[in-house]
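I set down here, in order, what I looked up in this structure.

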Amino acid sequence: MTILLLGSGGREHALAWKILQSTKCSKLFVAPGNAGTETIAKNINISPTDFAAIKNFANQEKIDMVVVGPEDPLVAGIYDFFKNDESLKHIPVIGPSKVGAQLEGSKEFAKEFLVKNSIPTAAYGSFTKETLEKGQQFLETLEPPYVLKADGLAAGKGVLIIQDLEEAKTELANMLVGEKFGQASSKVVIEEFLDGIELSCFVLTDGKNYKILPTAKDYKRIGEGDTGLNTGGMGAVSPVPFADSVLLEKIESRIVKPTIAGLQKDGIEYKGFIFIGLINVKNEPMVIEYNVRMGDPETEVVIPRLKSDLVELFLAVANEKLDQATLEIDPRSATTIMVVSGGYPEDYEKGKVISGIEFVSDSIVFHAGTKMADGQIVTNGGRVLAVTSYGDNFKEAIQKSYHNIGKLNFDNMYFRKDIGFDL
């Protein structure tokens, strides 16, 4: 098969690495890709949201399958675009329909879905510029801290957790009236704060059947001890040590099953990944959010733990035969540490030459924000590299990743030295 993978981050490099291990894949294109995917596949300079260019390319190269990495093309409706086009409809797209993608594209849609399907989640209210005053009154009914979420896509940065009531009221106005997150915060969901430890559950579904992939936990904040600003993720661990069989059974019966049943009940086409952000509150799992694709950097620990052929799983999804597929998981732990540009998640410089990747051994380096320039690999984003390692337990795996990070270098390189500290 000739496969087209959309995206350019660490998630896509990890997916490309795994897709190419399949005997079913003869050629892989990545659009637009990065310096890591360039060494194993063929990068194509096409934006994942340029559907017209993707159509031309898919027809020209006789693409047999499209795998969608990021959320933007899914929320924009790439699944429906292929399905409704005469020349493309034979090509399976791994990712949900536009309506299904609203589980991530709209926090309000997701909360309504959760409540309607009796899936445990925090109490909430949804507000616009016109109902700002009601929103400020709703804040008064809650105990601190206060959770404010931009309704739309804000690249993982549209969530504020605030201790002070007056500050929360001001920030609500900043989001709704001051357009702090642009169009994404024209509507804001306010939630009660849930106190617990977070983890992520990843599900692959054909819309009827599902397979639960390994659990993972990522670390969102830039500073050690989970302090400072939110990022796209600074590291991840899989499996989650505290996710025992009792908790996993609760996640499946109370959250995964009713999610899939809810999609079917509403007639929502969904052929792809569901990433369920959970919080474990006194051993009771509750949903914080849905994402409609794999997480990043969680992909860099979940995908390396799959022993099964990923393309075969995708074909089973496309043909609605996922119940007949087998999912084999590596029992070892996997961890990844993100190496980022100094200044991230605020201002940072690009174009710094990266050295030392060739000296890494016993770890896998997945490229995130990198590109080739004049024959050298240079930084091209905030999160630059993900260093993934296996171990008999997460501590051993983390040690290997840190050992190999010691061989890497670029100007203003930064990474957290405490990934897994709370486990």
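I took contact to mean heavy atoms within 4.5 Å. By that criterion, I noted that residues 24 or more positions apart account for 69% of the contacts in the protein chain with a separation of 6 or more.

I recorded the basis of the entries: this is a predicted model, in which local features need pLDDT of at least 70, side-chain atom pairs count only at pLDDT 80 or more, and totals for chains, interfaces and linings use all residues. Residues are numbered from 1 along each chain as its sequence is written, and side-chain values use heavy atoms, with hydrogens and water left out.

**Overall form.** I found 13 helices and 23 strands in the protein chain; these are DSSP runs numbered from the N terminus, helices being H or I of at least four residues and strands E of at least two. The radius of gyration is 21 Å, close to the 22 Å from the globule rule for 423 residues, so the protein chain is as compact as a globular protein of that length. That radius is taken over C-alpha atoms, and the rule is 2.2 Å times the number of residues to the power 0.38. The C-alpha trace spans about 60 × 50 × 45 Å along its principal axes.

**Burial.** Of the 423 residues, 57% count as buried. Helix H1 (residues 10-19) is mostly covered, with 9 of its 10 residues buried; among them are His13, Leu15 and Ile19.

**Leu20.** I located Leu20 in the loop between H1 and strand E2 (27-32). Leu20 counts as partly exposed because its relative accessibility is 31%. Which residues does Leu20 contact, leaving aside its neighbours within four places in sequence? I listed Cys25, Leu28, Ile40 and Ala41.

**Backbone exceptions.** Most residues other than glycine have a negative phi, and most peptide bonds are trans. I noted a cis bond joining Pro144 and Pro145, with omega about -5°; Pro145 is in the loop between helix H8 (132-140) and strand E7 (146-150). The bond from Tyr344 to Pro345 is also cis, with omega near 10°.

Lys62 is not a glycine, yet has a positive phi of about 50°. I place Lys62 in the loop between helix H3 (51-60) and strand E4 (65-68), and it counts as exposed because its relative accessibility is 63%. Asp374 has a positive phi near 50° and counts as exposed at 81% relative accessibility.

Definitions and conventions
Buried means under 20% relative accessible area, exposed over 50%, partly exposed in between (1.4 Å probe, protein chains only).
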